[in-house]
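Welcome, and please take a moment to look over the sequence and the model. We will walk through them together, one part after another.

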Amino acid sequence: MNQAVFTIKDHSDKTKTLSYLHTNYSQTNFEGKLLVVTIKPFEKDKSNAQNFYIDLWMTQWIKHQGTDKDSEHLYFTKEILSTNL
């Protein structure tokens, strides 16, 4: 059995999810195995607007520095995103 992830936006998505669960429960029950189901709210890290703004800012910074995107990305990842706790 393959792992599956369902995003539930409306009633038809709930129906698909329950159908998948029912089908695979029957199969795993017959094989003597268990299913694990996790339900959690969707959390997106950044919005498309935030990604666009970061990319725009980074492009201007790269032009100013005269470097390439990979080295600047590595620099900001190491210097700003890393924490020294």
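Let us begin with helix α2: its 18 residues should span 26 Å at 1.5 Å a residue, and its end C-alpha atoms are 26 Å apart, which agrees. The expected span here is 1.5 Å times one less than the number of residues in the helix. Helices are DSSP runs of H or I with at least four residues, numbered from the N terminus. After α2 comes Gly-66, and its phi is positive, near 75°.

A word on what you are looking at: this is a predicted model, in which local features need pLDDT of at least 70 and side-chain atom pairs count only at pLDDT 80 or more, while totals for chains, interfaces and linings use all residues. Residues are numbered from 1 along each chain as its sequence is written, and side-chain values use heavy atoms, with hydrogens and water left out.

How confident is the predictor in the chain? The mean pLDDT, a confidence given to each residue from 0 to 100, is 86 for the chain, and 95% of the residues reach 70 or more. Confidence is highest in α2, at 91, and lowest in helix α3 (residues 69-81), at a mean of 85.

Now for the aromatic rings. The structure holds 5 aromatic pairs. Trp-57 and Trp-61 form a stacked pair, because their ring centres are 5.8 Å apart and their planes lie at 5°. Rings of Phe, Tyr and Trp (its six-membered ring) pair if their centres lie within 6.5 Å; planes under 30 degrees apart count as stacked, over 60 as edge-to-face and the rest as tilted. Both Trp-57 and Trp-61 belong to helix α2 (residues 48-65), where they sit 4 residues apart, about one turn of the helix. An α-helix has 3.6 residues a turn, so residues three or four places apart point the same way. Trp-57 counts as partly exposed at 40% relative accessibility, and Trp-61 also counts as partly exposed, at 27%. Another pair is made by Tyr-75 and Phe-76, whose ring centres are 5.2 Å apart with planes at 75°, so this pair is edge-to-face.

Is Phe-76 buried or exposed? Phe-76 is buried, with a relative accessible area of 14%, whereas Tyr-75 is partly exposed at 42%. Here buried means under 20% relative accessible area, exposed over 50%, and partly exposed in between (1.4 Å probe, protein chains only). Ring pairs link Trp-57, Trp-61, Tyr-75 and Phe-76 into a cluster.

Phe-76 turns up again in the pockets. On a 1 Å grid over the protein atoms alone, a pocket is an open set of points where a 1.4 Å probe fits, with protein on both sides within 12 Å along at least five of seven lines; lining residues have an atom within 4 Å of a point. The second largest pocket holds about 400 Å³ of space. It is lined by 13 residues, and those closest to its centre are Lys-46, Ile-54, Met-58, His-73 and Phe-76. The elements giving two or more residues to this lining are α2 and α3.

The largest pocket has a volume of about 880 Å³. Its lining has 23 residues, with Ala-4, Val-5, Phe-6, Val-37 and Thr-38 nearest its centre. Phe-6 lies in the segment before α1 (11-31).

Note on methods. Grid points are joined across faces, edges and corners, and a volume is the space filled by probe spheres set on the points.
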